[in-house]
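Me: I have a structure open beside its sequence, and I would like to go through it carefully, one question at a time.

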Amino acid sequence: QVRVVESGGGLVQVGGSLRLSCAASGSIFNSVGWYRQAPEKQREFVARISGGSTNYKDSVKGRFTISRDNAKNTVYLQINSLKPEDTAIYYCVAVTSSGVYWGQGTQVTVSS
């Protein structure tokens, strides 16, 4: 059974940092990514890691870093220099050969 569980969200001030975690288990994952959905906006791609390759939304390059710890079956999203527009629910998505699996999301709120 595939499980995808996010954690690490919270309330942080502008300029602060957070590290989100995505624990994915139950399968071999071709790629793992992060999306976010701000209030009244569509869900958008943020970052993805596949093998040794990473991809980012242009506007987060330089502030967001995605990484993985295979021993812990966990993918991380380090977010630095947080801005109010980073406020959103952050979702992890894991892709296998048989399907796409989403987590329940973790809330990130940036206060000014």
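Reply: A term is needed before the elements can be named: helices (H or I, at least four residues) and strands (E, at least two) are DSSP runs, numbered from the N terminus. This is a predicted model, in which local features need pLDDT of at least 70 and side-chain atom pairs count only at pLDDT 80 or more, while totals for chains, interfaces and linings use all residues. Residues are numbered from 1 along each chain as its sequence is written, and side-chain values use heavy atoms, with hydrogens and water left out.

Me: Which strand gives the largest share of the lining of the largest pocket?

Reply: On a 1 Å grid over the protein atoms alone, a pocket is an open set of points where a 1.4 Å probe fits, with protein on both sides within 12 Å along at least five of seven lines, and its lining residues have an atom within 4 Å of a point. The largest pocket has 13 lining residues, with A24, F29, R68, N70 and N73 lying nearest its centre. Two or more lining residues come from each of strand 3 (18–25), strand 7 (64–69) and strand 8 (74–79). The largest share, three residues, is given by strand 3.

Me: How do the residues of that lining divide into nonpolar, polar and charged?

Reply: In this count Ala, Val, Leu, Ile, Met, Phe, Trp, Tyr, Cys and Pro are nonpolar, Asp, Glu, Lys and Arg are charged, and the others, Gly among them, are polar. On that basis, the lining of the largest pocket divides into six nonpolar, five polar and two charged residues.

Me: Where does N73 lie, and is N73 buried or partly exposed?

Reply: N73 has a positive phi of about 50 degrees although it is not a glycine, and its place is the loop between strand 7 and strand 8. Buried means under 20% relative accessible area, exposed over 50%, and partly exposed in between (1.4 Å probe, protein chains only). With a relative accessible area of 47%, N73 is therefore partly exposed.

Me: Is K72 buried or exposed?

Reply: K72 is also found in the loop between strand 7 and strand 8. Its relative accessibility is 55%, so K72 counts as exposed.

Me: Which residues have the most contacts inside the largest nonpolar core?

Reply: A nonpolar core is a set of buried Ala, Val, Leu, Ile, Met, Phe, Trp, Tyr and Cys residues joined through side-chain atoms within 4.5 Å. The largest one here has 27 residues, and those with the most contacts inside it are V32, W34, F64, I66, L77 and Y90.

Me: Which residues is L77 in contact with, leaving aside its neighbours within four places in sequence?

Reply: Contact means heavy atoms within 4.5 Å. Once those sequence neighbours are left aside, L77 is in contact with L18, R19, L20, W34, V46, A47, F64, T65, I66 and Y90.
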